[in-house]
Amino acid sequence: MKTVTSPQLRVAKRLTLTGSVQGIGMRPAIARLAEQSRVHGFVRNTCSGVEVHVEGDTESVARFTDALRSHLPTASELDSLQQIAAEVEQFDSFAIIQPSELNQQDSLTTRVPADLVVCDRCREEIRDAANRRYDYPFTSCTDCGPRYSIIQRMPYERSQTSMTEFALCETCQAEYASASDRRFHSQTNACSKCGPQLWACDANHRTIAGGHDAIELAATAIRNGQIVALRGLGGYQLIVDAGSQSAIERLRRRKQRQGKPLAVMVGSLSKAEPFATMNDVEREQLTCSAGPIVVAAATANARICRAVTQFASESSAQSAIQELGTIGLFLPTTPLHQRLLDRVDGPLVCTSGNLEGEPLAFERDAAMDDLHSIADVWLHHDRPITRPIDDSVVRVIAGRAVSLRLARGYAPLNLNIVIERPTIAVGGHQKVAIALSNGRQSLLGPHIGDMNTIAARQRFADQVHDLTELYGVHDFDIVCDLHPDYFTTQWSQNQPNRCVQVQHHHAHIAAGMLQHGWQDQQVLGVAFDGTGYGTDGTIWGGEFLRCTASSFERVGHLRQFGLVGGDQAIREPWRVATSLVRDALGDSQAAELSFQSRDARTLIPLLSRPALSTVTTSAGRLFDGVAALVLQIESCQYEGQAAISLEAVCDQSALGHYRFPIIQGQPKIVDWRPMIRELMQDRADGVPPDVMAMRFHRGLAIAITEFCDAYSPLSVVLGGGVFQNRILVELLADQMRARPLGLPGMIPVGDGGLAAGQLLIADALARQGSSQLCA
Amino acid sequence: LAHGEGGRMMRKLIRETIVDILSSESLAEMDDAARLPAIDGPLAMTTDSFVVSPLFFPGGDIGSLCVYGTVNDLAVSGAKPLYLTLSLILEEGLPIAVLQEVLQSVARAANQTGIKIVAGDTKVVPRGAADGLFINTTGIGELVDPVPPGPQALCEGDELIVTGPVGRHGIAVLCAREELALQPAPTSDCGSLVAATMQLRHRLGTRLRTMRDATRGGVGAVLHEWSESSGLTLAVNEKDIPVSPDVRGASELLGLDPIHIANEGTMLIAVESGASEDALEALRSLPETQYSAKIGTAITRQATPVTITRMFGRPQPLDQPQGAPQPRIC
Ligand SMILES: [Fe+3]
Ligand SMILES: [Mg+2]
Ligand SMILES: [Zn+2]
Ligand SMILES: [Zn+2]
């Protein structure tokens with residue numbers, strides 16, 4: 001049948017798409033649809049998002065606009081799609097064109113795309129000996145590859161990334177230009193002829209292999225038990241054979257990383273299954289394009305990586321090995337990881353390439369300096385990393401993905417709130433990440449680290465500079481914590497900008513309010529963490545705050561106790577245990593506590609002197625003290641170890657719970673002394689540790705629920721690092737299922753999410769026209 | 001002691017106790033002001049109030065403290081201590097024996113440092129208005145050339161020396177106040193720096209940049225002040241900083257870092273690059289500074305004003321606590 005096209009009126013439309021619309025193949029998808037719909041015009045990235053001009057006959061333009069939403073890449077997240085009528089400009093084709101403004105002046109409206117792990121189709125190509133990208137470690141496409149870590153400026157365009165150094169060869173250019181190719185307008189397109197190169201070095205900086213040979217050589221080194229430092233997507237990683245106990249021990253020794261668990265990379269989901277019992281959410285996380293480390297329940301099989309999941313509890317009399325019961329697994333991030341795993345054919349320990357306590361190394365020279373006494377073999381590449389980014393760590397709690405470390409693939413995390421005043425929030429002292437608003441969008445940046453080293457402080461300052469440039473944040477206010485000794489507080493106060501201080505636990509709860517979109521509500525916040533500076537100058541950490549975004553009232557807290565020795569008490573839970581027992585049962589009972597190398601009696605006279613103690617209500621310390629009593633943990637090798645061990649040991653089928661009565665008053669006091677008394681009785685009766693640990697968790701959950709019940713119908717928000725504890729959170733989710741409960745999510749519930757909460761509070765205060773600290 | 005009974009009782013007290021014990025001619029004259037001979041050249045003057053609980057602690061008492069504190073301030077600024085005034089504020093009820101013991105200690109310390117007590121004052125205040133005994137001293141000294149130029153003159157490469165184990169005074173007083181029966185009991189370093197400063201100036205001349213007795217805030221506070229006034233970063237090594245076993249044991253138990261704890265007879269000095277060997281030799285010839293050690297150097301200004309290298313690690317920031325140190329670990 002012959003179709004007669006009647007000459008129709010030519011119309012034009014201008015469409016603007018905002019949200020997560022760049023770096024995910026949006027323009028190629030739109031160009032293809034335009035082709036199909038027979039419309040002409042252009043598409044381009046802008047600082048606001050993606051701009052489309054289409055013109056053609058009414059019918060074609062309508063066909064295009066109707067089909068647009070359903071033809072967008074699955075990874076896109078649309079905030080808005082505006083369309084307005086436009087002037088017909090008589091285009092005779094449809095093209096992807098350069099952004100009109102490469103030098104962004106204003107605040108950035110569009111989102112900066114996150115890095116994406118290698119996709120299935122690219123995976124096939126690098127494994128196919130006949131493919132021209134066989135073994136090419138920097139293979140990528142519109143669905144995968146580096147983004148955030150190589151972007152220099154927005155909008156997203158090859159010339160604005162570190163790929164600009166690599167001119168496309170003819171073949172790559174042809175792929176780039178062809179609408180039918182899956183690399184049509186792939187900004188990171190490259191091949192071994194024109195793209196970044198890989199090479200291997202020995203410890204003396206001598207180049208020993210390139211290309212395929214470099215991968216082969218590194219694989220052999222790993223099989224031989226050596227330590228490989230690999231320059232990955234966001235920085236260096238240290239890699240050893242997860243099956244080799246001796247290799248892992250060497251890594252731990254050289255890195256001075258004693259008990260802390262190490263992440264394990266496996267080749268595929270099916271290769272992960274034997275090591276962890278996973279639910280669907282965990283599988284989804286493991287295989288998603290962000291590619292985080294997923295902390296899941298370890299199976300007995302994970303014992304082949306024993307050294308990965310276990311830690312030596314040096315304090316226990318028998319020096320028994322206790323297992324954490326979890327394993328951190330992830331899948332290959334880049335083609336290089338994939339090909340290395342294909343060759344080694346076994347799980348790899350893959351940990352951040354940094355000195356313990358320092359930020360991730362990402363530049364070649366600095367990395368070779370930092371890690372020279374750790375790595376045996378190096379895999380370098382010459383694609384500049386614009387900004388370093390660690391691997392993300394996720395745990396699934398109560399069916400939700402909870403980020404323990406927000407980084408590659410997830411950061412910068414869009415915060416669903418518009419804050420008019422440009423603001424930078426600097427977080428706390430540990431696990432620092434910054435949050436910012438440029439007046440158009442708000443986001444939480446990636447994990448930087450603890451502020452105890454010169455390098456970490458430098459990295460912090462660099463990141464503030466970098467993100468303010470990238471997002472166009474000018475004349476900003478700063479919001480920081482109340483603690484006078486945090487590096488970030490002092491840094492903030494030394495800047496010329498207007499600075500607001502907010503209380504630590506209020507910020508934790510505000511982060512949870514943002515997570516759930518409850519920023520306009522009054523909520524009951526349960527802020528349980530290690531330590532935070534209170535408005536009364538004491539150290540808080542077991543708080544019930546009735547709060548709004550701008551103010552809070554401390555309606556309850558855990559009973560106070562004394563910590564002797566400041567930070568020392570945090571590294572040595574036996575001190576906390578002694579303090580708790582002394583308060584609950586008196587000096588003589590406390591004096592009977594015995595630890596492997598510490599004598600509780602040395603501490604008791606100190607505990608009776610208020611001048612020598614820090615007063616705290618910390619829930620994290622309560623966990624430490626209970627862990628010391630239940631598991632004989634005397635000192636910690638890494639932060640949170642005692643609490644993590646206590647959770648790991650729980651026998652969830654055990655019955656009973658310890659009592660934490662709530663003493664009425666203003667504020668109410670949650671009294672843990674009966675819990676300690678019951679626990680000490682259990683200990684004397686020889687009740688096993690797994691039962692005692694469970695009774696403690698259940699008792700605490702019951703007390704929190706009971707406390708919250710009195711504030712019904714307020715929504716309850718959980719905040720603070722204690723709620724990284726899966727058992728506790730799942731007990732609470734179960735007990736409070738009848739009311740709105742804000743569980744942890746992708747904004748880290750620990751200090752990594754503080755900055756998000758600080759941002760919200762600063763905004764709420766600014767709206768009130770108040771720079772006052774809330775009390 | 002009772003207060004409020006007027007001049008007769010007070011004069012008697014002063015005459016019998018204070019003048020007697022201090023055996024000072026100017027005090028005995030009971031004039032309104034001390035008359036001092038003319039001095040040809042610039043003077044140094046300093047004042048300090050001493051409040052310590054308990055009044056007596058291992059290694060010293062408020063009496064020796066109030067002399068050494070002011071004398072040391074004169075000595076480290078490059079002055080030869082000459083005259084001292086002594087103001088006592090006594091809480092009603094303070095046993096006269098305690099006062100006598102303190103004054104004897106004042107006399108001994110003054111004698112030892114060669115400073116003359118030339119004027120004094122005594123007030124008795126009601127119970128609760130003071131804690132036993134407060135003392136203010138003011139000292140005058142004669143600046144002797146060459147006067148060390150001070151911390152602004154620090155240069156890159158200058159070497160930092162501490163003249164003895166750190167943190168002894170603060171820990172000794174804390175343990176005494178809190179009645180902690182630690183073994184061995186920490187002892188204060190309360191003592192004179194006059195001989196040590198003279199030796200150093202004699203031996204080093206203009207190679208000596210600056211000296212400071214590391215009192216409140218300890219060596220850490222001095223490092224921060226010097227960094228600020230010099231615009232340089234000061235880098236120290238933890239393993240080189242002398243700490244006595246008693247202080248180490250107590251501070252571990254209490255979770256304190258001796259570098260931030262007060263000293264009363266220990267100073268930090270900065271010398272020109274290459275001069276530390278001579279300085280150490282001079283210092284080690286005196287018993288009170290025999291454990292002197294070079295602990296670090298001044299380097300180009302970095303983002304971090306004071307760094308410390310602990311164990312095998314890299315230099316780390318040495319932060320100065322804003323108040324009582326509070327845990328930062330969350
Ligand atoms: Fe916290
Ligand atoms: Mg003084
Ligand atoms: Zn791909
Ligand atoms: Zn190419």
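## Sites and interface in a predicted two-chain model

The backbone oxygen of A:Tyr156 lies 2.9 Å from a polar atom in the side chain of A:Asn45. This is a predicted model, and the values below are computed from it.

### The annotated pair in chain A

A:Asn45 belongs to strand β2 of chain A, which covers residues 40-45. In an unreviewed entry, UniProt lists A:Arg27 and A:Asn45 under "active site". The two are spread over 19 residues of sequence, yet they cluster in space, with a largest C-alpha distance of 7.9 Å. A:Arg27 sits in helix α1 of chain A, residues 26-37.

Leaving aside residues up to four places away in sequence, A:Asn45 touches A:Gln22, A:Arg27, A:Val50, A:Pro99, A:Pro155 and A:Tyr156.

### The zinc site in chain A

Which residues are the protein donors of the zinc ion (ligand 4)? They are A:Cys169, A:Cys172, A:Cys191 and A:Cys194, each through its SG atom, at 2.2 to 2.4 Å from the ion. The angles among the 4 donor atoms run from 105 to 117°, and the site is tetrahedral. Along the chain, the donors follow the spacing C-x2-C-x18-C-x2-C. A:Cys169 and A:Cys194 link distant parts of the chain, 25 residues apart. A:Cys169 is in the loop between α3 (120-127) and α4 (170-177) of chain A, whereas A:Cys194 is in the loop between α4 and β6 (198-202). A:Cys169 is buried at 13% relative accessible area, and A:Cys194 is buried at 11%.

### The magnesium site in chain B

The magnesium ion (ligand 2) is coordinated by OD atoms of B:Asp48 and B:Asp73, at 2.2 to 2.3 Å. B:Asp48 lies in strand β1 (residues 43-50) and B:Asp73 in helix α3 (residues 62-76) of chain B, so the pair ties together parts that are 25 residues apart in sequence. Both count as partly exposed, B:Asp48 at 29% relative accessibility and B:Asp73 at 22%.

The table gathers the accessibility values for the residues discussed.

| Residue | Relative accessible area | Class |
|---|---|---|
| A:Cys169 | 13% | buried |
| A:Cys194 | 11% | buried |
| B:Asp48 | 29% | partly exposed |
| B:Asp73 | 22% | partly exposed |

### Between the chains

How many residues of chain A are in contact with chain B? There are 41, and they meet 26 residues of chain B. The area buried between the two chains is about 2,900 Å², with carbon and sulfur atoms giving 54% of it. On the chain A side, A:Ile454, A:Asp485 and A:Arg609 lose the most area to chain B, together 20% of what that side buries.

Key
Residues are numbered from 1 along each chain as its sequence is written. Chains are lettered from A and ligands numbered from 1 in the order in which they are written. This is a predicted model: local features need pLDDT of at least 70, side-chain atom pairs count only at pLDDT 80 or more; totals for chains, interfaces and linings use all residues. Side-chain values use heavy atoms; hydrogens and water are left out. Donors are N, O and S atoms within 2.8 Å of the metal (3.2 Å for Na, K and Ca); water is not among the atoms, so sites may look incomplete. Helices (H or I, at least four residues) and strands (E, at least two) are DSSP runs, numbered from the N terminus. Buried means under 20% relative accessible area, exposed over 50%, partly exposed in between (1.4 Å probe, protein chains only). UniProt positions are given in the numbering used here, feature names are shortened, and annotations may be inferred rather than shown by experiment. Contact means heavy atoms within 4.5 Å. A polar contact is a pair of N or O atoms within 3.5 Å; within protein, one must be able to donate a hydrogen and the other to accept it, and residues adjacent in sequence count only if both atoms are side-chain atoms. Four donors count as tetrahedral if all angles lie between 85 and 135 degrees; four count as square planar and six as octahedral if opposite donors are over 155 degrees apart and all others between 65 and 115; anything else is irregular. Buried area is the accessible area (1.4 Å probe) that two parts lose on being put together, summed over both.
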